[in-house]
Every structure is written in structure tokens, then in C-alpha cells.
Amino acid sequence: MSTAATDQPPELLTSAARLRKIDLLRDKNIGKYLPLPQLVAVGDQSSGKSSLLESLTGIPFPRGQELCTRYATQITHRRESETFIQISIIPGPGTSADAKASLEQYHKSVSSASELYDRLPGILEEANELMGIRTPQNPTGTKTFTEDILKIEKCGPNEDYLTVIDVPGIFRITTDNVTTETDKIMVRNMVQNYIRDDQTIILAVLPCNVDIVTQEILALAEQYDPTGQRTLGILTKPDLVTERSAQRVVCNLVRGEKKPLKLGYHVVRSRGGDDDGSLFGDRDRDNMFEEDPWYTLPSDRLGVVALRLRLQYLLGDLTDRAFPKLRSEIRQILHQAQDDLSKLGQSRQTAAQQRQFLVSVASEFQQLVRAALNTNYSSRSLFDDEKFRLITNVMNAADEFKSDFIKNAHTYRFISCDDSIDDMSRKGFADESASLELFPDLDAILVRELHDDPPIDGIMDWIKITHRQSRGREQVSFNSTLFSSALRQQTSKWMSRAEYFVSRVIHIIHQFLIDCLEVTCSDRKVRDEILSRILDHILARYTDGLQKTRSLVAMEREGDPYTFNDIFRKKLASLQSSRMNENLSDKIWKAQATQYRVESSVVCFSDVESALKDKDAGKHTIEEVHDLIKSYYEVARDRFIDNLYLQSIAHTLISEQNGPLGIFTDQWVLSLDPEHLDAIAGESFHTRERRQMLTKRIRDLTEAVAILR
């Protein structure tokens with residue numbers, strides 16, 4: 001339903017100063033960043049829109065020239081102590097810098113409406129030429145329509161604040177040598193751009209002497225305002241409606257009985273084509289509404305005077321509701337633009353600027369690296385994300401590797417002293433590891449898969465077979481090559497497990513490196529160039545880490561086994577002692593010393609002698625080899641785990657001086673020649689455009705914040 005009509009004019013709400021601020025924002029083109037409260041008059045061609053605005057504003061546009069239909073016209077009334085009319089041009093959002101400067105310099109001023117009537121044709125010709133509009137007077141113009149806005153300010157002591165924007169009328173049929181299909185689409189898009197925002201009140205101008213249903217502008221308004229909450233229908237040319245049935249249709253619209261709008265409809269008799277601008281005043285023109293059937297309608301829905309009051313109320317109400325939100329949103333957009341510009345870093349047009357930019361990026365990158373290696377996680381909030389906790393992730397991976405290596409790196413499962421198999425509980429290292437599928441650049445380096453075979457049983461049988469295959473003419477013990485051969489077999493899985501572990505660490509480091517570059521450099525093109533330049537050096541460091549790993553494995557497996565570590569002899573002695581205790585366990589008996597009444601475990605010397613003499617030579621040799629391999633293997637394994645971390649990981653991969661994370665530094669940047677420097681840090685066309693756009697946005701919005709204070 002339309003709003004109820006009353007005979008009392010609405011009370012004005014907002015202050016003139018607030019409305020003035022909105023107009024100043026519009027002059028600064030702030031409307032391209034967020035919608036501004038505005039009244040926009042739209043209609044089909046020949047809808048009477050220009051005549052309506054002339055009656056509404058008192059601006060005497062000349063007849064027959066259609067000079068103001070090629071661009072939007074903003075007409076503003078403002079109360080001032082002196083009477084004058086100013087004409088200027090607001091450049092459109094896409095206007096070039098040079099054209100904008102030229103358009104903004106254009107200003108004309110007249111002292112009265114009558115003087116404007118005389119001078120307006122010449123003023124409009126000048127404006128058309130500046131805006132590049134093609135007319136008979138300006139045949140060299142390149143545009144039929146433009147997004148530039150002609151601004152007319154009418155000021156005086158009797159003026160009440162009101163701003164209305166007149167948009168070119170929609171047309172269906174093109175005119176040869178005047179308009180084209182492209183122009184038709186452009187005008188339609190221009191109208192849509194003005195009425196789409198929810199801060200716009202749509203003044204849909206509809207002639208009474210045609211079927212309302214056929215008016216394209218009403219359908220277009222309904223598309224963007226489907227509930228009719230912000231559309232006011234203005235019915236023009238009622239004096240041309242003479243049939244009673246047609247008059248009833250118009251009256252039904254005003255009463256809300258047909259095609260209702262929330263803001264309703266208003267009937268206006270505009271200046272006619274033969275009027276000379278002074279024959280009728282506003283109230284004289286509205287006398288027709290005292291006749292039947294118009295007098296039956298509410299007086300606040302009839303005539304120019306009532307419409308002017310209604311529009312002042314609507315604009316004030318809209319402005320008051322929008323103003324607090326507008327002020328807040330402008331600040332939010334300004335802060336976002338400042339953040340976006342900050343992320344681009346300083347301008348990088350010259351070599352000095354480019355070097356300074358890269359040095360700052362490299363310095364911040366190294367700060368992150370040092371903090372991550374020193375677990376200084378409280379220094380930056382980004383360390384709340386675990387992927388940036390580099391040394392923690394590396395140490396956790398090392399712990400998992402150590403645990404897995406101890407349990408699963410040997411080929412055969414060792415025998416405990418009680419002839420039982422060592423603990424078989426296991427959780428594969430590959431099961432715990434993260435996926436290594438990322439980063440194709442690492443394909444030629446990483447070992448991405450681990451065949452996680454558990455240790456197998458049957459070590460004593462294997463030693464027996466190996467002994468039979470390697471025995472010589474030795475009378476006692478065993479061939480010395482048996483120990484080396486058996487040890488190589490028992491460590492056959494070391495290489496694959498060590499390579500996979502180091503590959504996992506490389507993957508962790510590379511992920512950290514990529515993530516840190518993204519944090520320290522928001523420009524993707526620069527990041528890609530930096531990575532491209534240092535990638536070969538990074539891959540070389542990764543390769544060094546894996547080569548060091550392979551050397552350590554070869555050192556343990558291919559050389560003659562030897563250790564100075566006393567733990568080896570202690571382990572061996574402990575195993576041999578435990579085995580003797582096991583053999584004599586059923587010979588032990590308890591004896592009590594009478595003098596001290598202390599009970600002790602006792603075994604006869606003859607039983608010990610018998611245990612040594614009666615042992616099967618072959619079994620003795622196999623047990624001896626087993627204990628020797630197990631004792632030495634555990635010492636060598638622990639030594640290898642330590643060396644692998646210290647040499648391959650700590651020294652080669654995560655060292656600030658030698659590792660891949662120490663390549664992108666200030667010194668690296670300072671070593672770049674100007675050509676390489678520009679290739680890396682020179683701003684792309686897209687970045688330069690974005691910087692210019694953000695700089696202009698910040699300048700405009702800063703001015704907007706100052707206006708709204």
C-alpha cells in the first residue's frame with residue numbers, strides 16, 4: 001500500500017549543513033565508494049521530466065535543444081545571504097587526470113534566473129565541448145553521452161535546501177546520426193547505476209496521458225526496488241488527460257488503489273511547451289487541481305509546491321537515517337584502503353626504492369627466521385599458527401624419527417637374554433609424517449615415500465647361515481668378516497629411513513620459507529621473482545643435506561665397524577653376563593652365613609666350569625655374534641641418530657649461515673645489479689595501477705572524513 005496522504009505538509013527533519021555535507025561528498029565523487037543519500041529523477045524520453053524539474057527548481061532550460069539530456073544534471077538549492085547561480089562540472093569516476101583537471105576548472109556564475117535563461121545555451125555549448133559531447137555546435141565531439149555531471153547551484157535568502165539529480169531519459173528507438181544502440185545501452189546502464197543503491201529515492205516520472213504499464217522506467221525501478229519502499233511516482237501532463245475514464249485511472253494511482261508504491265504517487269502540472277517562463281507561477285499552474293476530479297485527491301499529493309515540500313522532507317529523512325552509518329563506513333573504507341596500501345610497501349619506481357623495499361622484506365624475513373629458530377614465539381602473533389613454529393616442528397619430527405628408528409630400523413629383531421623377542425610394539429614413522437606431495441620444485445630431491453617394513457624374526461637362524469657361508473680355517477671364534485657382513489645386513493634399512501626423515505625436514509623448512517615470504521611480501525609477483533632467483537641455491541642446500549645423510553649412512557655401513565665408546569664393551573659384557581646367569585639359573589641355591597645370618601645366592605664352581613666346557617661350539621659362536629652385533633648396533637645407531645641431526649639437519653639445513661633460510665638476506669639484496677633488481681622488485685603495471693587507485697581513494701576519503709566532522 002502507498003503511504004496515507006494528508007493535507008498537512010511534513011515537517012522538515014535535517015539541517016541544511018548536513019545536506020550541504022552530502023553535496024560536498026558528491027562533488028568529491030565519494031558516491032563511487034559507497035552510496036550517498038540522493039533524489040534521482042528518471043523517466044522515459046518525452047515523459048515531461050525536464051519540464052518537471054524546471055518547474056520544481058526554477059532553472060529555465062531552453063526549449064528544443066535537449067542540451068541537458070546527454071549527461072546527468074545535479075540541481076541544488078542552497079540558502080545564502082546573496083542571490084546567485086553557479087554552474088560547474090563534476091568529472092565522472094573514470095575521467096583521466098588531465099580531463100578531470102580541465103573539467104574542474106570550469107565555473108560560471110550568473111546573478112539571476114533570467115540572466116541564466118539568456119546565457120544558458122552558450123554555457124551548455126561550452127560544457128558540451130569540454131565533456132566531448134558531439135552536437136551540431138561541436139561536431140568533433142566523440143561522445144553522445146557521458147558520466148560527467150553538470151552541476152547547477154541556485155543560492156539565495158529564500159531558497160530551501162534541496163538537491164535533485166536528473167538522469168538522461170531512457171529511449172527505445174535510436175536516431176540516425178545522433179544515437180546508436182551502444183548509446184541506448186549506456187543510458188540504461190547509467191540509470192541503473194543511479195537507482196541501484198538503497199540510499200537513492202527514485203523519482204519515477206510518468207506521463208498521465210499514456211498507459212503506466214507501458215512505461216519502462218517503472219519496470220526498471222521495480223527491478224531494484226521490488227517492494228516500492230523508495231520509489232515515488234510523479235505523474236506529469238495531467239492537463240492532457242481529458243477523458244473521465246483516464247482521469248479516474250490517475251486518481252486511482254494516487255489513492256493507492258492500483259500499482260501501489262510505499263511513497264505513493266504525486267500529480268504535477270509542469271510548464272508547457274509554449275510557456276515563456278513567466279506566464280504562470282507555481283500556484284497559478286496548480287489551479288487546475290481545484291477542478292473535478294482532481295480536487296477529490298489529498299492536497300499534499302497535488303502540484304509543484306507540495307511536491308517540493310515532500311522532496312525536501314524525503315531527502316532530509318533519508319539523510320538523517322544514513323548520516324551516522326555513512327560516517328562510520330567512510331572511516332572503515334579509509335582504514336581498509338590504508339591497510340591495503342601499506343601491504344604494497346613503499347613505491348618502487350627507482351633502483352634506490354626497489355633496493356630499499358627488498359632490504360626491508362629480507363630483514364623482516366630474517367627476523368622471522370631467527371624468532372622461529374630461537375623459539376621466540378611471543379614476538380609475533382603469527383606464531384600462534386603452528387606452521388610457523390619451525391624448530392618445534394623439526395624437533396618433533398626428529399623425536400618421531402628417533403623413536404621409530406630405534407624400534408624399526410634393524411632388519412632382524414634381536415633376541416633378549418631370556419630368548420624372547422624384543423618389544424614388537426611399533427608405530428611407523430611414515431604413518432605419523434605429514435604428506436610430502438606439495439612443491440613440485442622438490443621432486444628431484446625429496447624421497448617422498450617410505451616402505452615401512454617391520455623387523456623380521458629369525459635372527460639366530462640368519463646368523464647361523466651367514467656363519468656357515470663365511471667361515472674359514474679359524475679354530476676359535478669366527479671369521480672377522482662375519483661381523484661386518486652381518487652388520488651391513490642388519491642396517492640395510494638405514495638409508496631409506498634416514499633419507500625419508502631428512503626429506504620430511506626439508507619439506508617443513510620449505511613450507512616455512514614459502515609462508516614467511518607470503519607474510520613479509522604481499523606482492524605475489526615479487527615473491528615469485530625472489531623465489532625464482534634463490535631457488536637453485538635453496539635446492540643446492542637441500543641436496544647437501546641429503547648428501548650428508550648418505551655419507552653418514554655409508555660411513556656406518558661400509559667402513560670397518562669400530563668404536564671407542566666404552567658403552568659398547570659394557571653392553572657386550574652385560575649381555576654375556578646375562579646369558580651366563582640364564583644358563584646357571586637352575587643351579588643356584590640359597591646359603592646362609594652363620595656368623596652374620598645373611599642369606600646369599602650360591603652356585604658351585606664345578607657348575608660354572610661345566611657350563612663353560614659343555615657349551616655347543618656352533619651355538620656359542622652364534623650367540624657370541626648376536627651379542628656382538630646387538631651391542632655394537634645399539635652404540636652405532638645412537639651415534640648415527642645424533643650425527644644425522646647435528647650434521648644433516650642442524651649444520652646443513654637449519655643453520656642461519658649455511659642453511660637455505662640464510663640465502664635471502666640484506667647482503668643478497670645489496671649484491672643485485674640494477675637489471676636484476678628491477679626484474680624482482682620493479683612494480684608491475686597492475687601494482688602501479690592499484691597503488692594509484694588506493695592513493696586517490698585515501699585522499700578522497702580523508703577529505704570526506706574532514707567534511708563529515
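Close-up 1. Helices (H or I, at least four residues) and strands (E, at least two) are DSSP runs, numbered from the N terminus. Among the buried residues of α5 are Asp 183, Val 187, Met 190 and Tyr 194, buried meaning under 20% relative accessible area with a 1.4 Å probe and protein chains only. Helix α5 (residues 181-195) has 15 residues and reaches 22 Å from its first C-alpha to its last, close to the 21 Å expected at 1.5 Å a residue, the expected span being 1.5 Å times one less than the number of residues.

This is a predicted model, in which local features need pLDDT of at least 70 and side-chain atom pairs count only at pLDDT 80 or more, whereas totals for chains, interfaces and linings use all residues. Residues are numbered from 1 along each chain as its sequence is written, and side-chain values use heavy atoms, with hydrogens and water left out.

**Close-up 2. Leu 334 in helix α9 (residues 303-344).** Leu 334 counts as buried because its relative accessibility is 8%. Not counting residues up to four places away in sequence, Leu 334 touches Ile 698, Leu 701, Thr 702 and Val 705; the C-alpha atoms of Leu 334 and Ile 698 are separated by 5.9 Å, although these residues are 364 apart along the chain.

**Close-up 3. Cysteines.** The structure holds zero disulfides, a disulfide being a pair of cysteine sulfur atoms within 2.5 Å. The sulfur of Cys 251 lies 9.2 Å from the closest cysteine sulfur, in Cys 208, and is therefore too far for a bond. Cys 251 counts as buried at 2% relative accessibility, and Cys 155 is buried with a relative accessible area of 2%.

Key. Buried means under 20% relative accessible area, exposed over 50%, partly exposed in between (1.4 Å probe, protein chains only). Contact means heavy atoms within 4.5 Å.
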